[in-house]
Every structure is written in structure tokens, then in C-alpha cells.
Amino acid sequence: MKISNNWLKEYLKTDLKPEKIEEHLTDIGLEVEGIEKFESIKGSLEGIVVGKVLTCEKHPNADKLKKTTVEIGRGKILNIVCGAPNVEAGQRVPVAVVGTKIYKNDEVLEIKETKIRGEISQGMICSENELGLSENHSGIMVLDENKFKIGENFDHYFELVKDEVFEIGLTPNRTDAMSHYGVARDLNAFLISNDMNCEFQKLTSLPVEISGNHDFKIEIENSELVPRYIGAVIENVEVKDSPDWLQNRLKAIGLSPINNIVDITNYILHGIGQPLHAFDADKISGKIVKVGTSKSGTKFTTLDGTERILNGSEIMIKDGNNRPMCIAGVFGGINSGVSESTKTLFLESAYFNPIAIRKAAKFHGLSTDASFRFERGIDPNITRIAMVRAIKMIEEISGGKWVGQILENYPKKIEDHYIILRFSKIEQILGIKIHREKIKEILKSLEISILNEIPNGLEISVPAYRADVTREIDVIEEILRIYGYNKIDAPQKISFTPVKLNFNDTDELENSWAKTLQSNGFYEVMNNSLTDEKFENKDAVKLLNPLSSDLAFMRTSLLKGLLENAVYNINRKTPDIKFFEFGKIYRRKSGFAERKQLGILLSGRQIAENWLQPKSETNFYFLKGFVKLLLDKLNLETEEKYLEDARFSDALEISAGKNILAKIGKVAPKMLKEYGIDAEVFYAEIELETVQNLRSKTDLKFSDVPKFNKIRRDLALLLDKNVAYSELYRLARKNKSPYLKNINLFDVYEGKNIPEGKKSYAMSFELLSEDKTLEEKEISEVMDSLIKAFQTEFSAELRA
């Protein structure tokens with residue numbers, strides 16, 4: 001949000017320099033992100049002087065150029081080559097001397113002494129366009145010799161405006177500071193609290209004469225949608241350009257002047273925070289202004305020429321024939337706005353339901369200065385004051401006349417917030433004791449009324465425009481903000497109670513897994529749980545009132561968000577992807593259900609490209625290794641089986657009993673094509689809640705390093721092709737020998753010398769006794785029992 005220093009000082013008189021104002025605004029939570037310089041004429045005509053053309057003759061080496069001598073005062077005469085067709089001897093002209101900077105669009109031209117076609121040129125005779133005075137560039141600017149004195153600085157003849165503009169990073173809750181008046185009010189509270197001189201101009205209603213009558217009426221269909229609505233009629237207006245002072249106010253904050261009527265409504269909006277809308281009264285059928293809703297499906301063309309289909313929930317301003325004229329608080333209609341032919345205005349000032357405005361703006365994809373304020377909540381008590389101020393400006397600037405009484409509908413006053421503030425709570429939260437009189441002074445400066453003093457506290461009334469201050473803790477924050485965060489000393493020690501995490505703590509599991517993945521080069525991401533229809537199935541939960549079609553469903557999988565992250569990175573030349581996300585998914589199956597998952601996504605190389613390591617692409621087994629790394633920490637007995645899933649071209653499911661723990665797969669090409677991804681992508685999802693419930697609750701115990709060496713034995717088994725290694729592993733684990741410690745598969749072979757329908761598994765077994773060196777007899781007993789089990793269960797044969 002842009003705040004003009006000159007405009008700010010209309011409401012707050014202070015001698016503070018812009019740099020000091022910047023510092024104080026940041027201190028009170030209105031963080032200034034930067035200060036820009038504004039000039040009504042770029043460069044402020046610095047270096048431009050009034051000169052007189054003494055001689056003008058044809059350039060000896062160019063047909064379209066002229067060689068002139070120009071006097072610029074104090075007897076100084078410059079040789080200037082000029083290309084303007086209208087330059088003549090005896091003229092008074094604006095001259096840019098050497099060193100002057102000429103600003104044209106975004107380019108800066110510095111005038112230098114130079115040779116043009118062999119002739120010295122010591123400056124430039126300027127046109128209106130080159131000086132930024134108009135768009136006229138047909139020739140040089142010729143001045144009135146009775147008004148302009150030779151040698152005078154050219155800027156003396158113009159009322160130039162210089163300003164400093166603060167760029168404030170306004171937080172969404174600070175609805176009270178969405179205007180110059182609101183910022184001035186907040187800054188005033190701080191300056192008063194810190195004994196700095198200032199004079200705050202509080203808003204008051206201005207006297208305006210009413211004459212004549214009008215026949216207009218207003219009809220409000222639903223006061224909950226429109227708690228307050230005011231209308232007024234102004235006749236005999238002349239729509240034209242705004243005066244320079246008003247145009248410069250708007251230009252300083254980045255707005256383009258349109259015409260005097262629209263500019264006045266913008267001036268009021270950015271000045272005191274009340275959006276207004278002006279209608280051409282002669283286009284209002286029946287002289288009736290209705291405020292309500294229109295039928296769903298109604299077509300309405302807005303000011304930008306776009307035809308929009310109404311959904312039936314928007315607050316609409318309609319005429320006597322129920323013809324929509326404006327999406328209230330959001331955007332005007334093309335057929336009812338002010339134009340050069342407008343002679344009579346119907347001026348609107350209102351307080352609309354913030355939720356209804358937000359929904360309408362989001363649905364139609366519109367964000368205007370008015371909707372930005374209405375949807376966050378404006379001050380309902382300045383609606384009439386803003387109207388009267390606008391009327392007075394319209395009368396002064398356009399020559400119009402206010403006729404008849406103001407039309408108003410305000411059936412139920414919007415009340416201030418009643419809060420009990422305890423002094424003990426202030427001390428507890430802030431850690432310091434602020435004098436009670438100081439607290440009262442700060443509250444008063446914030447326009448918070450003290451209703452009653454009670455033991456250890458105050459009963460207070462917070463103005464309705466402070467939509468963000470509704471609780472005691474909010475008031476305490478306000479007191480601290482104005483008192484000064486910098487006055488709170490940092491404690492020399494910090495006291496806290498350590499909390500012992502247990503196996504039922506899901507945060508502990510998530511943190512452990514996150515650290516493991518991060519240490520292996522993964523990046524954690526967070527995505528919106530709202531998504532669109534793409535790839536969502538019939539079980540997806542649809543929102544009743546979505547903000548937009550892109551955010552209409554609750555996600556049923558973490559995959560979509562992770563793929564969007566991958567696309568974003570791949571498009572920015574970062575194709576090696578290692579992402580993970582903890583998040584909830586949502587489904588509708590015999591009711592609504594949600595569960596938490598860990599999603600892992602891989603693509604590109606396993607490790608960053610370098611000269612030492614060979615190029616190694618990510619694959620299914622690389623991802624499976626990380627999933628097993630996480631699950632193995634939980635001491636669970638798992639099994640694997642092939643999985644059919646539309647999201648994957650090949651997939652595997654890991655389960656424990658009847659509980660699915662994880663799914664791993666290669667993302668289907670069809671899905672990748674939808675996202676424009678050419679590379680292979682692998683994805684895994686782990687059911688966090690299931691894993692948490694099944695994980696071993698046994699406390700970990702440390703044991704001594706074994707004193708005796710491990711013994712390794714290998715077996716080469718010939719098995720049917722459909723026997724999986726996981727089945728062999730589970731069977732081996734059932735062996736009752738206390739000596740069997742580790743089992744590993746180190747080779748799989750199919751092909752020459754292997755019968756058809758068979759394959760060979762080479763497995764290693766590590767045996768260890770904690771108390772002694774194993775004898776060959778004991779080793780043989782374990783290995784024989786394993787061989788017998790494999791032969792019995794899988795008809796395995798030993799290979800030589």
C-alpha cells in the first residue's frame with residue numbers, strides 16, 4: 001500500500017523527516033518496505049533556464065538542422081544545434097544546459113557538449129514533450145516574453161509537487177490503516193505516547209447546503225448483506241479533468257486520473273478509507289435503487305467490458321426494473337457509470353457484509369481497491385462523513401449541486417467491541433509493569449473508550465473499525481505496539497519445562513523421518529489441501545462455497561501437489577527432484593474421512609552431477625530403499641505385493657498383516673503428460689496414522705559391542721520363478737536359533753543353465769553368539785534347519 005507523505009500531513013501536522021516517519025511506522029507494525037520519490041514533473045525542471053534565441057541560421061552540413069546562438073542570462077551565450085522547424089531568432093525558449101537530465105518515458109538523457117555534423121552544440125532548446133509538460137512534440141516551446149525573464153530558472157514559473165511515498169507492507173488484519181487517515185491516526189497515537197509534537201485533524205462532518213428535491217428511493221432487500229446504505233443526488237455536474245492538485249495526489253500513489261468524479265471517489269477511498277460509487281442518475285430506471293441479489297445465471301457486463309454470469313449470491317445494485325447496475329463493493333457496470341455526458345449523479349456510500357463481498361470478488365476473479373477494503377471490514381461510522389465530504393468536493397470541482405435529503409438505511413447500529421482488560425494480564429504477557437495512567441493514555445490515543453474502572457482492570461469499548469481487536473489479548477498487543485516493542489528488555493535467562501516425547505507422539509515420528517530424509521538430500525514442501533477436479537475421483541470432497549473452481553475440492557492424494565512442485569523446478573532447470581510432504585488427504589466414503597500421509601517424490605539423478613561419480617538415474621528401487629529405511633526403524637514385520645493403481649504404471653504395496661503401510665510406484669505416463677513432464681517420476685506414500693498405531697512400543701536398549709566374530713554362510717537356491725525374496729526372508733526370520741542375526745540377498749540369476757520357470761537366489765546368513773565362538777556343529781544345525789524349511793515350504797534345491 002502506498003502512502004503519500006504530503007497527503008499524510010493533511011491529517012497529521014508534524015515536523016518529522018520522512019526517514020523518521022518511516023522508522024516510527026515500522027515500530028508500530030506498519031512496516032515501510034521502501035520510500036519512493038514522486039515529482040509532478042519528472043526531474044522537476046532542474047537545469048532548465050529561460051533563454052533568448054539571438055541568431056538562427058541553416059546548418060552548413062544538414063538540411064533539417066539549424067545553428068543558433070542562445071543567451072541564457074549574465075551575458076552567457078550558448079551555441080546550440082536545433083532540429084525544430086519552428087525555431088526563430090528573437091524567441092524566448094526553455095533551454096537545457098550541459099549536465100541537465102531530460103526524462104522521457106523510462107529513459108534518462110543527460111545533456112552534454114557535443115558536435116552535431118561538425119558544429120558545437122552546448123545545450124538543447126526543449127519542446128513541451130521533452131520537459132514533461134504535455135504530449136506536444138511538434139516543435140520547441142515558445143514562451144511569452146512579457147512573462148518569462150531571460151536567465152530565470154524555468155521551474156519558478158510552475159507549481160511543482162515533490163513528495164515522498166511510503167510503500168507499506170500492510171498485514172491483512174490492519175483494516176483500520178488502509179487509508180492515509182488511518183495511518184495518520186495510528187502514527188498520532190505513537191507520537192503522543194512518546195511525547196512528540198504533532199497535531200491530528202480528526203474527521204468531522206463538513207457543512208454543505210441542500211437545495212431542491214429529488215424523487216429517488218432506495219430499497220434494501222436484506223439488511224444482513226447491507227447493514228448500512230446511503231445515497232445522495234447531485235445535479236448539474238460537469239464531468240471533466242480534475243485539477244492538478246487532485247491528479248498529483250492520485251499519481252503519487254500510482255493511480256491514473258480518469259475524470260473529476262471518479263477521481264474524487266478515489267481520493268475519498270484512499271484518503272479516509274471509505275469506498276464510494278457514482279452512478280449516472282439519468283440511467284437509473286424508475287429512480288429507484290434496489291440493493292439485493294439477482295437470479296443465478298443472470299448476465300452482467302462490468303466496466304472492463306467483460307460479460308459475467310452471476311451465481312445469485314452477489315450483492316447487486318439494481319434499478320427500478322431490477323436491471324443490475326453494479327456488483328456491490330466490487331466492480332461497476334458498463335451501462336450505469338459516469339461519462340462525459342453525465343449531468344446528474346447518484347452517489348453511493350455503504351457498509352456491505354465483508355463475507356459476501358469476498359465471495360463475490362473471488363468467484364469473479366476480481367480484486368479492486370474497493371473490494372480489498374470491504375471484504376476486510378471498513379469503518380461503518382464514517383459512511384455518512386465520507387459521503388458529505390465527497391459531495392462538497394463535487395460541488396467545488398464540478399459545479400454540481402446537492403439536491404434533496406440523503407437517503408439512508410441503517411436499521412441496526414453496528415456496535416463497538418466490549419472488552420474487560422486486566423492490568424495483571426498485561427504484566428503477565430509483557431513481562432514488565434506499565435504505569436496504569438500510561439495504559440489509559442495509550443488507550444485514549446487509540447480511540448478506545450474507557451467505560452468503567454474496575455478492581456485490577458478496565459471495562460473498555462473498542463471502535464467498530466478495529467475489526468482485529470475483539471479480545472483482551474488483542475488490546476494488550478495494541479498497548480505494546482504503541483508503548484514500543486523496543487522498550488521491552490530481552491530476558492537474561494529463559495525458563496522452560498522439557499516435555500518427554502513418547503511413542504504415541506506423532507510429531508516425534510514425523511520429526512525423526514523428516515531429519516532422516518533431509519540428511520539424505522530431500523527437501524520438505526507444503527501444498528494447499530484445496531485443489532481442482534483434475535485427477536480427483538468420485539470420492540473427492542467438494543466444497544459447498546469454493547473460492548474458485550481451482551480450489552473446489554479437498555485433495556485425495558499428495559501426489560498432485562508434489563507433481564506441481566516438480567514441474568515448477570524442472571521448468572527452472574532444476575530437474576533433480578527429491579521432495580517429501582507431510583499432509584492430510586480427504587475422502588467421502590460412507591461419511592467423511594481424513595488421514596495423514598507422508599508423500600515422497602523422486603525424479604532425475606540420484607546424486608548431483610560431478611566428475612567423480614557416474615551418472616545414475618533415479619529408479620523404483622532407489623525410492624523403495626528410502627521407504628524401507630523409514631519403515632525398518634519401526635521394527636515391523638512387513639510383506640510386499642504387486643499393486644494395481646491408476647496413478648502408477650508399476651507399483652508395489654507394503655503391508656503389515658491386513659494394514660497397508662505404504663504404496664510405491666512409477667507415476668503413469670498419462671499423468672505425467674498432463675503436467676508436461678518428460679522425465680520418469682517415482683512416488684511413494686506412507687500411511688502415518690497406521691504406522692504410528694503399529695510401531696513397536698518397546699524402549700530401545702543399548703548393548704555392548706560383540707566380543708566374538710560373526711560367521712557368514714551363503715546358500716544358492718533354485719526356486720520357482722514366482723517365489724519372492726520377501727517370502728524367503730520371512731521364513732528365515734521364523735528360525736528359532738538365537739544365533740541368526742542378519743539375512744541378505746546378494747544375487748538373483750535367470751538364464752543359461754537355469755531350468756525354464758526357475759530362478760536362482762544367492763543369500764547370505766550372518767550368525768553370532770554373544771558368549772562364545774560358534775563351533776561348526778552349531779553353525780551346521782542352523783543352516784540345515786534353514787535348508788529344510790526352504791525345501792519344505794518352496795521345494796527349493798541347493799545349487800553347487
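How many bridges join strand 39 to strand 40? The views below are taken from a predicted model.

View 1. Strand 39 and strand 40 (residues 758–767) are joined by eight bridges and run antiparallel. Within this pairing, Asp747 has Ala762 of strand 40 as its bridge partner. The open sheet consists of four strands in the order 39-40-38-41, with antiparallel pairing. Its edges are strand 39 (740–749) and strand 41 (797–798), each of which pairs on one side only.

**View 2. The open sheet with the order 17-24-16-25.** Four strands make up this sheet, and the pairing is antiparallel. Strand 17 (276–280) and strand 25 (401–409) are the edge strands, pairing on one side only. On average, neighbouring strands are turned by 20° against each other, direction ignored. Five bridges connect strand 17 with strand 24 (residues 345–351) in the antiparallel sense. Phe279 has Phe346 in strand 24 as its bridge partner.

**View 3. The salt bridge between Arg228 and Glu408.** The two side chains meet at 2.8 Å, N to O. Arg228 is buried, at a relative accessible area of 8%, whereas Glu408 is partly exposed at 32%. The count for the structure comes to 48 salt bridges.

**View 4. The salt bridge between Arg308 and Asp304.** The closest N and O atoms of this pair are 2.9 Å apart. Arg308 counts as buried, with 11% relative accessibility. Asp304 is partly exposed, with a relative accessible area of 42%.

**View 5. The salt bridge between Lys628 and Glu640.** Here the closest N and O atoms are 4.0 Å apart. Because Lys628 lies in helix 15 (residues 620–632) and Glu640 in strand 34 (residues 639–642), the pair ties together parts that are twelve residues apart in sequence. Lys628 is partly exposed at 23% relative accessible area, and Glu640 is partly exposed at 25%.

**View 6. A nonpolar surface patch.** Tyr418, Ile420 and Leu451 make a patch of about 310 Å². Tyr418 is part of strand 26 (residues 417–422).

**View 7. Cys126 and Cys82.** The structure has zero disulfides. Cys126 is in no disulfide, and the nearest cysteine sulfur, that of Cys82, is 9.3 Å away. Cys126 is buried, with a relative accessible area of 0%.

Notes: Residues are numbered from 1 along each chain as its sequence is written. This is a predicted model: local features need pLDDT of at least 70, side-chain atom pairs count only at pLDDT 80 or more; totals for chains, interfaces and linings use all residues. Side-chain values use heavy atoms; hydrogens and water are left out. A disulfide is a pair of cysteine sulfur atoms within 2.5 Å. Buried means under 20% relative accessible area, exposed over 50%, partly exposed in between (1.4 Å probe, protein chains only). Two strands pair if DSSP finds at least two bridges between them. Helices (H or I, at least four residues) and strands (E, at least two) are DSSP runs, numbered from the N terminus. Axes are lines fitted to C-alpha atoms, for helices over the stretch in contact, and angles run from 0 to 180 degrees between N-to-C directions. Patches are made of residues with over 30% relative accessible area and no salt bridge: like charges are joined within 9 Å, nonpolar side chains (Val, Leu, Ile, Met, Phe, Trp, Tyr) within 5 Å. Accessible areas come from the Shrake-Rupley method with a 1.4 Å probe; for residues, only the protein chains shown count as cover.
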